[in-house]
Amino acid sequence: VRRGIYDRFGEEGLKGGIPVECGGEDAWTTGYVFHNNPDKVFKEFFGGYNPFAEFFTKDGSEVTLPFGGLRGRGAMKQDPPMVWDLHVSLEDLFFGCTKKMKISRRVMNEDGQTSTIRDKILIIDVQPGWKPGTRVTFEKEGDQGPNVIPADITFVVQEKPHPRFKRTNDDLIYVSDIPLGKALVGCTVAVRTLDGRLLNVPINDIVHPTYCKVVPGEGMPLLEDPRRRGDLLIHFNICFPKSLTPDKKVLLRSALLP
């Protein structure tokens, strides 16, 4: 009946009612009221069974469809990979460490239709000598679904800033502040290494603005052989005096100028 009403009078006929064949005080039928029950809608409106009833629970909420859902039964596809940064200190990249990353993902229940959010710990064994950009992939650890292959989860190593060193591949760079006098006559530079040792590096050369002191074997471990290491490169920031007395100028002139 209501299907015929809709065909003849449209949506307004359903909402406001339609004129009946005979007159009288109640010349219009009662309008249709939606009661938020999909089964009842189809039974009353189409006069039969709801062909989409399998897609809804009793309370009207949508059910996750197995085997490809409406897009095609049996079709399986994998979600795109999920990529996260893994921030690691220079010390951890020097010694190696174990990182435990907690993820929350959707896991299918035993009924194969509903799912639950659950936590899982992923363990990453950071190797000595890993470089920024190193990727660690856990296959199919993403959200589960009845018609999808779970996505891969990839962690990308990012190096945290360090207060003393900068890294270039397998080498470590250290910048030492020295006064102009020591740059000219020589000095000793003390460097605290990542493993806690104190290196006293003698500087016997004249330190010019582009000078670099190379200390072999005091850099980062080599990934292919952690027993070997890169180099420590010491650069210098030469501190010039802000002023000189006349006597010092005379001494410097006699020492430095022909």
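**Exercise 1.** Take residues 21-34 of this predicted model: under what value does pLDDT stay, and how many contacts beyond four places in sequence does the model have there?

*Solution.* Start with the confidence: pLDDT stays under 50 over residues 21-34. Next, look at the contacts: the model has 22 of them beyond four places in sequence for this stretch. Now try residues 53-58, where pLDDT also stays under 50 and the model has 14 such contacts. Finally, zoom out to the chain, which averages a pLDDT of 80, with 71% of the residues scoring at least 70.

**Exercise 2.** Work out the strand order of the open sheet of 3 strands, and find which strands are at the edge.

*Solution.* Reading across the sheet, you get β2-β7-β5, and the pairing is mixed. The edge strands each pair on one side only: they are β2 (82-88) and β5 (135-138). On average, neighbouring strands here are turned by 25° against each other, ignoring direction.

Now zoom in on one pair. β5 runs antiparallel to β7 (residues 153-159), and the two pair over 4 bridges. For a spot to check by eye, find R135, which stands opposite V156 in β7. As a reminder, strands of a sheet pair through backbone hydrogen bonds, in either a parallel or an antiparallel way.

**Exercise 3.** Describe the largest pocket: how much space lies in it, and which residues line it?

*Solution.* First, the space: about 150 Å³. Second, the lining: L180, G181, L184, P241, L244, K248, L252 and L256. Third, sort these residues by kind, and you get 6 nonpolar, 1 polar and 1 charged. Last, ask which helices contribute: α4 (180-185) and α5 (246-256) each supply at least two of the lining residues.

Methods
Residues numbered from 1 in each chain as written. Predicted model: local features only at pLDDT ≥ 70, side-chain atom pairs only at ≥ 80, totals over all residues. Heavy atoms only, no water. 1 Å grid on protein atoms, 1.4 Å probe; cavity = no way out; pocket = protein on both sides within 12 Å on 5 of 7 lines; lining within 4 Å. Points joined across faces, edges and corners; volume = space filled by probe spheres on them. Nonpolar A, V, L, I, M, F, W, Y, C, P; charged D, E, K, R; others polar. Pairing = 2+ DSSP bridges. Axes fitted to C-alpha atoms, helices over the stretch in contact; angles between N-to-C directions. pLDDT = per-residue confidence, 0-100. Contact = heavy atoms within 4.5 Å.
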